[in-house]
Amino acid sequence: RAYARPYQFASVNATRAPTAADLEPPETKNYGFVSSLTNKVAVAAISFFAFPYISEFLSNLIGQASLNDLGKMAQIFVPGISIVYGTFISLTLSICFNRQTVLQRNVSEESAMLSLLARYLLLLFRNREQDAIDACQ
């Protein structure tokens with residue numbers, strides 16, 4: 001990911017005064033299918049249709065003796081637990097995605113401010129190369 005526009009430090013910009021447009025961060029990426037409604041519906045549908053097969057596979061591992069007990073337990077606990085678990089996962093993913101978005105925006109703004117500061121310093125010390133190097137470090 002690039003946090004500053006690549007042409008900010010071009011040699012032609014050393015003689016040009018900084019402008020407000022220099023503060024613009026690069027365009028943010030579109031995550032496309034990963035964050036789309038289609039992807040969320042597809043994951044929910046696959047999970048819904050795969051659940052009976054997974055349950056059957058796991059019941060074969062447990063055995064026939066406790067199958068009736070497992071059925072009673074599943075009728076009581078599985079609907080509630082699955083709703084709570086699904087809500088927990090959805091909330092966790094939403095929080096993580098929002099944090100990542102905010103973090104990327106903050107880093108983009110910070111790098112844009114740093115590039116503007118460096119441009120100002122280079123413009124300020126354009127005739128004194130050693131002072132410009134010292135100021136930018």
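Where does helix 1 bend, and which proline follows within four residues? I opened the predicted model to find out. Helix 1 bends at alanine 50, by about 40°. The proline that follows within four residues is proline 52.

Next I checked the length of helix 1. It covers residues 37-62, which is 26 residues.

Then I looked for aromatic pairs. My search of the whole structure gave 1. The partners are phenylalanine 48 and phenylalanine 49. Two values describe such a pair: the distance of the ring centres and the angle of the planes. Here I read 5.2 Å centre to centre and 75° between the planes. Planes over 60 degrees apart count as edge-to-face, and this pair is edge-to-face.

Last, I looked at the whole chain. I found 3 helices and 0 strands. Along the sequence the pattern reads α-α-α. The chain has 137 residues, and 15% of them count as buried. Its accessible surface is about 10900 Å². Carbon and sulfur atoms hold 67% of that surface. I also noted the contacts with a separation of 6 or more: 66% join residues 24 or more positions apart.

Methods: Residues numbered from 1 in each chain as written. Predicted model: local features only at pLDDT ≥ 70, side-chain atom pairs only at ≥ 80, totals over all residues. Heavy atoms only, no water. Helix = DSSP H or I, 4+ residues; strand = E, 2+ residues; numbered from the N terminus. Expected span 1.5 Å × (residues − 1). Bend = angle between axes of the 7 residues up to and from the residue. Phe/Tyr/Trp six-rings, centres within 6.5 Å; stacked < 30°, edge-to-face > 60°. Buried < 20%, exposed > 50% of the residue type's maximum accessible area, 1.4 Å probe, protein only. Contact = heavy atoms within 4.5 Å. Areas by Shrake-Rupley, 256 points an atom, 1.4 Å probe, with all protein chains shown as cover.
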